Structure formats: structure tokens, C-alpha cells
Amino acid sequence: MSDFLVFEGVSKRYGETQAVDSVTFSINRGEIFSLLGPSGCGKTTLLRCCAGFEDPDSGRIILDGKDITGLPPHRRKVNTVFQNYALFPHLSIRENIAFGPRTAGWTRGETDKEVSRMLELIQMEEYADRKVTEISGGQKQRIAIARALINRPQVLLLDEPLAALDLKLRQRMLVELDSIHDEVGITFVYVTHDQGEAMGISDRIAAMNLGHIEQIGTPAEIYEAPRSSFVAAFIGDTNFFDGTVTEVMDGSYCRLRIDGFPDVLAWNDKGLQVNNAVHLSLRPEKFNISREQPDALPNRNVVQGTVEDIIYLGSHTKYWVRVEDYRLGIHHQHSRYLLDTRPITWNEKVWISWFADDSYMMERYKPEDENLLVLPDMEVEEEVLPV
Amino acid sequence: MTTAADKKNREWLITGPSLIWLLLFFVIPTLIVFAIAFKPSTPFGGIGAGWTLTTLFDLSNPNYPAIIWRTVWISLVSTIICLLLAVPCGYCIARARRRSRNILLMLVIVPFWTNFLIRIFAWKVLLHPEGLLKQALVFLHLCSPDATLLYNSAAVLLVIIYTYLPFAILPIYAAAEKFDYSLIEASRDLGATRFRSFTHVFLPGISRGVWTAALMVFIPALGAYVIPDIVGGPAGEMIGNKIAQRTFVDRNLPHASALAALLTLAVMIPLMITLVRNRLPETDHRKKGKRIVE
């Protein structure tokens, strides 16, 4: 079932700021769909429009074939899990979960039964009569989910649901959310700025920037084939190169000239011609780093550089390697024999190699797509920027 | 490193001065008033020697039940009306933008710049048969020319509400300002109408402010003396007037003390209820928590 929840040309402006600019997309029934982007990209505005807390200036929102655009929040079969949970402090956990059913006028028996079922789903039966002030963040999170789900919404909206939790708990809750989704099978719309969360839980992701959707796709599509430099930089780390095609070769490869960097071979999936400008993205884990020169292969790029910085992270090491004007970020996984080897160290000359197929090119967009190349203000790791 | 005992000592040191103040100027005088109620009176307004219960029997004066009843209902009704007015006011002020919020708060406080007595006399002028308000109402055919607005219980009620409304608005505003309005969104999201969100989420959320406001109106209203004296007339007398009358006209201090003691007890009862109520949630859930453990 596709087109279960449809946003049709939705726009919303706050004063001077165009929070959402004519956004159109649709969400399938039963999927976990993430709206991912930096703060101010419009993801929360879309969510609030869907919940009914904001009215879009123009456009329509259609849920299961019904236009819900003008409906007040209490008349939508949509429930929200709020970022700060927004649990009612004057009510016990049981009463919090029962709030929706009581409002809807369910019978006492049915309410009690459903509340117990929900408490079981979130494994919090023994806490039912506690005050919400006496439970932990992760527990509050689960109550907020149960309080929303008990109303049997058609869509569950989750607004940065894990943002207030610490890392370990976040990872555990992510798995839990996934299993709750498997259990109830309703459509989840998940808003987050955390690419790890989005990648981990989503069936599909909409990467948002400056009020637009830049790309919609599965996590793998978004990561491996980013449509814009924004998507490439925001989801995961990457190295960018600006180049020009100098030669188109057989087997869909092309040679690029890059100012301040050796010529490179790249996979020409965009069918570019000589003299076309190219924006190339190379994920840090696609590189191989070694002390010995690797064997030359037809589709392998090999350059030499100097190690400037090293961060050992256990699962892998991050190297920053200077190659002419560029400072490449490289992730390298070690074998178990790391301790028995002489590791690469600072100021060492190393060989960097990668396969032409592992780079991904984004053609230079037309002027009207200009914003696709603009990076918003955000924490960008040093390695993605050429020096 | 501070031990619990150190902390306790420091707490006593900090609260000590105010406790002494309360003891000297509140507890002891109140006890004296209670004591005088059990003393005989002398014909010249003094306090006689020995102890007696006659004053307490004097309280069965047939005029009193009507006056006490009037005092209670005027206080209750004025409290309820003040709350009905103060909750929307406090909400609006709390939700206003910072600039307009300060202006609105100023408007609530401005009446305090004028002396209390002068403001009540102003009401007397307004409600007077020849007064502005009366004339305006007659002009608009909202009341007959013969109706009296002054010297009755309604006038007392009106002026009490006018006087104590700011005291009700301020605590409710303070509570409404701290209220987390995302809870309203949550309740709307869960299917509640605006009205239900207001009654089931907002009101419980600001309940402490509402209780404080209720006390701030109810207690002074019970003890009102100047207001019924100026705008009430004989038909609007309250217990405060009787105490004044016993003190200044009859010069019967024990009798006045007995009435005052009665009033003090009457004030303490709602105060105690509120205190217990406000502490209740804590003890309540502790009990429930224990039950779970068992």
C-alpha cells in the first residue's frame, strides 16, 4: 500500500523564515519513515503539520485517502510521541496511558484491558501506579509511546524521541522501538537529526535541508548514492573533490582533473562528457591505507600522502592524510594482529588507494538547484573540507 | 564536607530570626486574644481578674448566626468569582508576549498605588444613587431608578472581589507561567478538545496556584471589616464589623476576643486543609509505591 500518508505541496512560513517550501512526498502504510536533517530544516514543522498543531500555509496532507489538512489535532487518527515526552505530571503512569481512551469515552473494562496490554508491550507492568516524576528517561519514553499507541492511531509521529537519552540507552531504545513497530505494524514517522538513528530504524529516509527534501530513499541508497553534497556530508562522513572531466573511457570510467590533487579515475554513472564539472564524494571507509605501495590495477587510484592526525577508536582508526592541497579523512579497520605490527604513525609517508567504483559523483547542478550544494550551518567534521 | 547535622543547624540559623518574629508578633498575640476570651469584662472596658466561660455563652447571641452565615457566603462567593476571573486572566498574562505581559502585570498592580480606603470610597461614589455607575445602569435600562446598589451584601461582594482580585491573579499567573504548555498539545493530540485539555490538564497543572489564590481571597474576605463598614450598611454587616463594634462601641474586650478567636479558627481550618492537600500528592504516591513493593 503506497501513498498512505501524502504531503502535497506543503509550505509553511514563520515570519521571514520559509520553514517548509512546497514539499511533496508520500509514505507507505506500515513503514518507518524518517525525516532527517539539521535543526531548522523543516522536519519538525512537517511533523507538527501532520499532527495538526500547525496549519500549512498551502498544500494538503492526505491520510488514507482523506484530506486531514484543516482538522484540529483531536480529530486526527494520528498520535505523537513528544521530544520531552510531555507526560502529565499530575497523573500516574496508568492514568497517563488511559488518558486517550478516557477522553474517547471507552468503557472502563476496555480501557483497563488495553492499558494492561500496553504496559505489557512496554514491559512496565510493575510501575503502573508510580508518578511520572519517579521514573527514568527511558521509562518515560516507553510510557509516551504506550500513551500514543493505545489510541490505535493510523500514524505514530515520533519527534526526536531518543534525543534526551544517553548513547547506550538510545541504542537499546532504538531496537525496542523497532520491535514495538513489528508488533503493532502501524506507520511510524520518525523525526531526527541523528543520522545513526535514522539509518538504524528506517525503511526509508527523507533527507531534509532548508525546507526542502533533498533525497528520499532507503538508508543504503542515501548513504551510497547521495543526490547532493548536503546529503553526502550530513549522512556519514565524506571527502569532497571538485573536478573537471578530462577524458571519458570505456567501461563507464572517466578521468578527472582536480585542482591541488592528482588526477583520479571515477565511475561515470552520470554519463558525463569532457569538460563537465563534477562534485565527487568519497566515503572515508572506501580508502585503503598502507606503508607499501599497492599493486596497480586498471580501476584503482593510488596516491601518496603524509599522515597528519590519528585517532584510534577501537573498531577502527581515523587518519587524516595530507595529499597536496587536500586533507583526506580515512577510516581503517585493523586485523586482530594490530598489536604485533608496527602501526602507521604521525608524519609517515603512506600510500592511499581506492577503487574508481567506490567514489560517487554528483554532477554540478543547474543554477535552480543551487541550494543542493549549499551546506547549512552544522557541525561538519574537518575532514570533509579541502584545505 | 557537611554532615546532615551541620545542614540542619544552618537551616535553623537561617529560619531562626523569622521564627522569633512570628512567635513575638503573631503566635503570642494570638494566644493572648484566645486567653482574653476566657476573662470576665469590667463595666469600664477593662479585663477583669479570674477566668470565666460567660463570654462563650454570650456568643449564642441570636444576631450572630445570620451574620456568620453572611460572612461565610460572601467570602465563598467572592472567592469563587475571583477564581473564575483570575484563571483566564492569569492564563492570558502568562501566554502573552514578554512586552505585553509586563504591561498586563503592571495593570494588575497599579490599583495598589492608590490607598485602599480611597478606592473603597470611590466605589461608594460610583454606587451612590446619584453616582456614575448607578446613573449609567439606569440610562441603559439595566436597573430601575429605585434600585439600591449601595448598603447591601451585593455591594460588599462586589468591592471584596474588586479588592482581592489582584491577589488571586498573581499566584495563578505565577503557576500558569511555569506550566508546560506542551502538555496541552499532548492532550489535544490524545483526542481531548480545548475545553477538556483546560479542565483535565491545565487546571490540575496550576492547582497549587489556584489554591493559593483561593486562600488569598477567602481569608481576608472572612475578616473583612472596612469594606462592609463603608459600603455594606446594616444589611451588609460581617463578623469583622461585630468585632469592631464590641471593641470600640461596647468596650467589651473579652467578647471581641471570643469573636476574633472564632474567626481565627475559621481561617485556620481552610488553611490546614490546603496545607494537607498540597502535601498530599507526595504522601499519596509513597503509599502507593509501598504497596507495589509489598
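In this predicted model, seven residue pairs are in polar contact across the interface of chain A and chain B, counting pairs in which both residues have pLDDT 80 or more. Four elements of chain A, namely helix 1 (43-51), strand 6 (78-81), helix 3 (99-104) and helix 5 (137-149), each supply at least two residues of the side that touches chain B. Helix 3 of chain A gives the largest share of that side, four residues. By type, the residues on the side of chain A that touches chain B are 12 nonpolar, eight polar and eight charged.

The interface also holds one salt bridge. Its partners are Arg48(A) and Glu185(B), whose closest N and O atoms lie 2.5 Å apart. This pair counts as a salt bridge because a side-chain nitrogen of Lys or Arg within 4 Å of a carboxyl oxygen of Asp or Glu meets the rule.

How much area is buried between chain A and chain B? The figure is about 2,100 Å², and carbon and sulfur atoms give 60% of this area. On the side of chain A, the residues that lose the most area to chain B are His74(A), Phe99(A) and Asp129(A), which together account for 26% of what that side buries. In terms of contacts, 28 residues of chain A meet 20 residues of chain B.

Chain B itself is built from 13 helices and zero strands. Along its principal axes, the C-alpha trace of chain B spans about 70 × 65 × 35 Å.

Within chain B, helix 3 (residues 64-95) and helix 10 (residues 207-222) have axes that come within 9 Å and cross at roughly 145°. The crossing of these two helices is right-handed. The residues that make the contact are listed by helix below.

| Helix of chain B | Residues in the contact |
|---|---|
| Helix 3 | Thr71(B), Val72(B), Ser75(B), Leu76(B), Ser78(B), Thr79(B), Cys82(B), Leu83(B), Val87(B) |
| Helix 10 | Val210(B), Ala213(B), Ala214(B), Val217(B), Phe218(B), Ala221(B), Leu222(B) |

Which types of residue make up this contact of helix 3 with helix 10 of chain B? They divide into 12 nonpolar and four polar residues, with no charged ones.

Terms used: Residues are numbered from 1 along each chain as its sequence is written. Chains are lettered from A and ligands numbered from 1 in the order in which they are written. Side-chain values use heavy atoms; hydrogens and water are left out. Axes are lines fitted to C-alpha atoms, for helices over the stretch in contact, and angles run from 0 to 180 degrees between N-to-C directions. A crossing is left-handed if the near helix is turned anticlockwise from the far one by less than a right angle, and right-handed if clockwise. Contact means heavy atoms within 4.5 Å. Ala, Val, Leu, Ile, Met, Phe, Trp, Tyr, Cys and Pro count as nonpolar, Asp, Glu, Lys and Arg as charged, and the others, Gly among them, as polar. Buried area is the accessible area (1.4 Å probe) that two parts lose on being put together, summed over both. A polar contact is a pair of N or O atoms within 3.5 Å; within protein, one must be able to donate a hydrogen and the other to accept it, and residues adjacent in sequence count only if both atoms are side-chain atoms.
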